[in-house]
Structures are given as C-alpha cells and as structure tokens.
Amino acid sequence: MSEMTWEHLRDLDCGAVRTLGDTWKTYIDQQLAHTERLRTDVIEGHLGTEHYESDTATQVRDQIGMTADRYEDDLSDYASTRIATTLLEAADAFEKEQNELKELVPLIEQHDFDIEGPHSEYDVNLSGGLHRAILTLNPPQWLCDMCGVKKPDGFWDIDTLKVLFDSVDLYGTAIGLAGQYQDWLRAVMSRAHDADDEAAAALAEMHENPAELPPHLGATYDDLVDDYKEGVTEEVADEAEAIADGTSGLSPEQVNQWWEGLSETERRALIDEHPEWVGPVDGIPTEARDTANRTVLDRDIDALDTRIAAEEQALQGLDPESDEYQNAKEALDGLKGDRNDLAGLQDRITNDDGTPRLAEGPEPQQPYYLLGFGTQDNGRAIVSIGNPDTADNVNTLVPGTTANLSGAGGLLHRAETMQSDAQLSSPHTSNATIAWLGYDAPDTIVPEAMQERWADGASEDLENFTEGLSATGREDTNHTLTGHSYGTTVIGHAATKEGVDADNLVFVASPGVGTDTASALGVDEDNVWATRNSLDPIHLTPDFLHGADPTGDDFGGNAYHSDTGAWNANNHSTYWDDTNMAGRETLADIATGQR
Amino acid sequence: MAGADVFAMDPDEVRKSVEILFEIEAEADSQAASMATANTEAAGPLKDAATALGPALEAAGEWWRVHRAGGFCGLLGNTGEYLAVCAEEAVEVDDYNAGTFASVAGDLYPERPNANASSRRGG
C-alpha cells in the first residue's frame, strides 16, 4: 500500500524509474540474442541433423527449442510486459502528478497556507500568520484583490473599517481558496497512490502463478515433458481467464501488449472458445471485443430462452395462490425482462442477417461495436459508433441517474446525435462516439443521486476503460469524456481519485463533479468544459452534495452556452435536442479538437 | 555408443554446442545479476519514498534472477552437461543424472565445479 507523502512525490527521481524501464528493454534485447543464437548456432548449427541424428538427438533439439521458447515467453510476459512496462507507466504517472505538485505547492506557500494531516488525506489550512493578518485587519494584498477591498495602510481609516466590515468575506474567500488547493492536492496524491499501488500489484501478481519451466533432462523426463507440453497449451487460456476476472494485475496497456504477443491462432481460439474472457477486457482491440461480445450476447439470449421455457414449465405445476408460485413468477418475469433488454440491444446494433448495423447519420455511416454488456444491477451497455481504435476523435458519453439497459436505446440515440454532430463539424476526420453505461447508475434523484457511492463504484472501471482506449487506439487520437448529470459526477470522481486518460472533459448539466476546482481533475484546465441551460433545475443542487457548480467562475475551466427547450419541457434532458444546436455544435467542436 | 540410439554423432560438433550452451548460461547469469543489482539500486530511493512500488520492484528483480533467468540458465547447464556426457559415452535422456557428468565429463570442464553440477535441479 502506497504511503508516499507529497514531499516524497515532489522529490522522487522519476527519470531513474524510467531509465530502469529502458534498461530492462535493453536487457531483453540482449537475452533475445541468446535465444536466437541457440536456434541458429546450436539447433540448426553444431547440433544439426548432419552432426547429430537419432531419436535422442531430436529430443535434445526439442528440449533446447522449448528452453528458448520458454525464455522468450518469459521475456515477453514478465520482463517486458510486467516489469519494463510497469516501470515506464509508473514513471509517467508519477511525473505527471509531480508536475502538478510543482505548480500547486508554490501556490499554497505563496498564499500562506499550510499542508497538514496524514498522507492519505491532506488538509490545506490557513497558516497562523494568515489568521493573524486577517484578525489584525492587515490581510495580504492577494486576499484584498480577491475580495475587492483596498489594503489598509495601517491607520484607522475608511479602508480599515471596510476590511473590518468584510472580514467574514475575507475569511470565507481564503478558506474557499485553501479548499480548492486541498481538493487539488488530495486528487494529485490519490492518483499518485493509485498508480503506485497498481504498479506494485502488477509486479506482485507476476510471481503468484508463474508458468512452469521445461523439465531437466534426467529421470522421468519423458513423463515430465508431456505434462509440461500439456501445460503450455493451457497457458494462454489461464492467462486470459486471470485477466478477465481481474486477478492478473495487468494494466490495459499491459493487456494490450499481452494480446499483441499472442499468435493469430491463439487469439482466434480465445475468441471462439472463450469469448467471455475477451469481450469485456479493456486493452483488447475493439474488433476482437465486438466479435466476442456479440457471440456471448447470442449465447446469453439463447440461455435465457432455455431458462424461461424451463421456468414456465415448472410454473404450470404450482398452485397460483402459493408463495412458491409468486416467487417463481417474479423470477420468471425478471428473466423475461433481461431477455427483452438483451434482445433490444441486439436488435439495435445488428442487421437481420446478423452483421453489425450502421448507425444513422451522415456519410460515411459508422458501424456499432459492442464493447460490453451485462444484466447485473440495472444492466450495462458499452457501445461504440465507429471504431475508436482507428478514429481521429473519440468521445465517450457517461449517462446519469436512471440510466439502465432497458433505456440503452435512448442513450444510444444521444450518442448517435453526438456522432452526427461530430461528423458534420469535422467531415474530414474519422470520429467515434461511445455510449458508456459501464456502471450501476443511481435509480432515483433522492436519495441515490445525492450519494457519492455510485460514482466511486464506477471510478476504477472508467479509468480502465479510458486507458484501454489509449492502449488500443492511435497515439494522436483526441479523447473526450462527456458526462451528463450524475455522469459528470462519475467522471469527476474517476478523474480525481484514479485518473482518466482523456484530453478533454465535458460536463453537461452537472450537479457537481466531486471537487471545487477544475485543477484537481488531472486534465489541462483549458480543456475542461461545462454547460447548463438556464431552465435546467440541476442548478438547485447544493454545493455540499457533489461540490461546486463546474459552470461557475470559481471552478476554473470553461463554461459554454446551451439553449433551453420549451418552457414546459424537462430542460435537464434537452441538451441533445434540435433546440440546443448551440450547445451541440460546441460539444462537437470540442470533441473534434476544434476548441 | 553401445546401448544408445545414436545413429550419427560428431563429438566435436556436440562439444562445440556444449561450449555455446555453457557460454550463454554464464552470460545470461551474469546479465541477470547485473539487472537485479540495477533493480535493487533503483528500488532503494523508491522504498525510501514509502512507495509500494519499491519493495515490489526489488522482489520482482530477485524473482526474475532466481526463477526465470535462473531457470533458463539451469536448463542450459543441464542440457550442456548432458551433451558433454553424450560426446564421451552414450546415455539415454532418462538415465542421465548430474553425477554422470561429474564422473564422465567433469574433467573436461574444470570451471564447472562438481558440487555445483550435482546440485542442479533435475540432475
């Protein structure tokens, strides 16, 4: 568990961590030269069949070949994917947060604030000196400027009296600024600790279930080598299962490296034989996930049909007045609901002939890609319009309260609108828009949407999803993360606690994003955007629930205009309507890198 | 070569293979040790900074050196020793043990101590 303090992070030599990662890469190349030499100079050279020919000779050549294969797999899976990549990712993550600290700590010091408390939850408070300065009616110039009062010159004059009169405001302003720095510092350290813990887990998991080595030549070799070869054939499946169930400790980038290291035959076999281990995994390319998820979707619908038929059969033998009947009926209705939801999703993204459907919109129309789904809680659906692995611009929409699988059609409609807007805004770039219902959204405004737990529950999944997009996509792709309503809270929590891989954050109709300052989000403030129309009742949300309004001046970032719908419309949900072309066009410009 | 299934063998070529196997074994072993040292040196400041990565990195480097690079070297050594024996007298894979190397070919490779050879896993 990371116990790094902010001072530790500030002083950390990230370059040394990166250099070690590069040293591992060089070492790997060195070792690969050894295996190459084994093959050319030994197996095909001095130990070739013209010099050494018999059953035993074949066995020995196989043994050397297996030794080289094993070492190459180890170099790829452990030395490269696990150790070198972990070091390089950790160096990048630490350096990013270190740079934030280099900006933040001088600000804290300049404003005469103190950092206090344990490394797990720092406080930024007014220093004793600043308290005294305000109490003695001698506030610092920066505070007078923020409050619009003239700094007293030491005499009891009108300015001094004004300061006395405004002292509550001065205190409030100073405390508010300290609170913003506190949010920022906590976010920086949360992300740094998260990166540190993830890096340590990736290394620790490496030696939990290591691959077997070939046996040594000697007694019982024949039996042992058969067991070894059997194990090797199951190795890829074992790795895939560990990755899918989240016990591998691999980051999406590392998953991607693992996937790319498999042979085409191994990838095909996993998609065919274990699509459930491929479809949901961030870091596996979109095409493979889509194929696997569609297979599982078909299979799940068939399985539900079978279960429904069996339950209906069983129901016929029960007394309709009995509790047993009522319970069985409820369970049956639940199965039918799940079946309808999945079939609805399938219909939406699939043509009658089973091929992926193209989304409505301007040319070139883009196909749907199924990146995830499920019936747990209120359901999950992650669908991309266009391939995010090849797109110039990718915009991911995170929905808010009451989002569920039954309503995935409405969510997809919004994503289609965003995709069309992006295409019209930037017809010469390739764009993809993703509907990300990858979390259990609140069902109600009161009390569920007032709670943070739904956002906290989604944070790690959203972090991994965005990192997966970066791992499988192009290096220069412009990534935008757009939230609506509670979806903005989800993005804010993920961004401050775990970190998200996004170039732009857009908050539409936000009740607050879990922080009072755009600086805490880990994305350049200039690329943080927020909008709310003037009739949206979301403005009634008090700051103490989810933090300050991100459209406010004090929050930082940029606010942009959205038009209202009709006066009697639900103006919390009119942002994708034709009545709000101003807001839609701005969002499209942001998502296509034009703002 | 009585008792073995060797139909064609050029002992000199086999001995050259042995030399390469032992050479790679030594180089890989030394390179893994250097890598582990670099790892430990880099892990120090990370541990001082109370990171979780520091101890995990040190353990990972040592694990790599002992179990994976070490495993590779062990396999090369074992195969090299087997071939060294093969070049002198026929022996089936299943009948081989490290003691055979010590008694048959150990004198040809004085840099490989018998104690070390006989302690090799699987030997």
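This is a predicted model: local features need pLDDT of at least 70, side-chain atom pairs count only at pLDDT 80 or more; totals for chains, interfaces and linings use all residues.
Asp305(A) forms a salt bridge (a side-chain nitrogen of Lys or Arg within 4 Å of a carboxyl oxygen of Asp or Glu) with Arg339(A), the closest N and O atoms being 2.7 Å apart. Because Asp305(A) lies in helix α11 (residues 286–316) of chain A and Arg339(A) in helix α12 (residues 323–349) of chain A, the pair ties together parts that are 34 residues apart in sequence; helices (H or I, at least four residues) and strands (E, at least two) are taken as DSSP runs, numbered from the N terminus. Arg339(A) is likewise partly exposed, at a relative accessible area of 24%.

Over all chains, the rule gives 36 salt bridges. One of them joins Asp392(A) to Arg474(A), with 2.8 Å between the closest N and O atoms, and this pair links distant parts of the chain, 82 residues apart, since Asp392(A) is placed in the loop between β5 (380–385) and β6 (393–398) of chain A and Arg474(A) in the loop between α14 (453–472) and β8 (478–484) of chain A. Both ends are partly exposed, Asp392(A) at 23% relative accessibility and Arg474(A) at 30%. A further salt bridge connects Asp272(A) with Arg268(A), whose closest N and O atoms are 3.1 Å apart; these two residues lie in helix α10 (residues 264–273) of chain A, four residues apart, about one turn of the helix, and Arg268(A) is partly exposed at 39% relative accessibility.

Turning to the interface, 55 residues of chain B are in contact (heavy atoms within 4.5 Å) with 63 residues of chain A. The area buried between the two chains, defined as the accessible area (1.4 Å probe) that two parts lose on being put together, summed over both, is about 5100 Å², of which carbon and sulfur atoms give 69%. In chain B, the residues losing the most area to chain A are Trp64(B), Arg68(B) and Leu75(B), together 14% of what that side buries.

Across the interface of chain B and chain A the rule finds two salt bridges, and Glu23(B) forms a salt bridge with Arg37(A) in which the closest N and O atoms are 3.0 Å apart. On the side of chain B that touches chain A, at least two residues each are supplied by β1 (8–9), α1 (11–48) and α2 (53–88) of chain B, and the largest share, 21 residues, comes from α2(B).

Strand β1 (residues 52–53) of chain A pairs with β1(B) in the antiparallel sense over two bridges, pairing being assigned if DSSP finds at least two bridges between two strands. Within β1(B), Met9(B) is the bridge partner of Tyr52(A).

Note on methods. Residues are numbered from 1 along each chain as its sequence is written. Chains are lettered from A and ligands numbered from 1 in the order in which they are written. Side-chain values use heavy atoms; hydrogens and water are left out. Buried means under 20% relative accessible area, exposed over 50%, partly exposed in between (1.4 Å probe, protein chains only).
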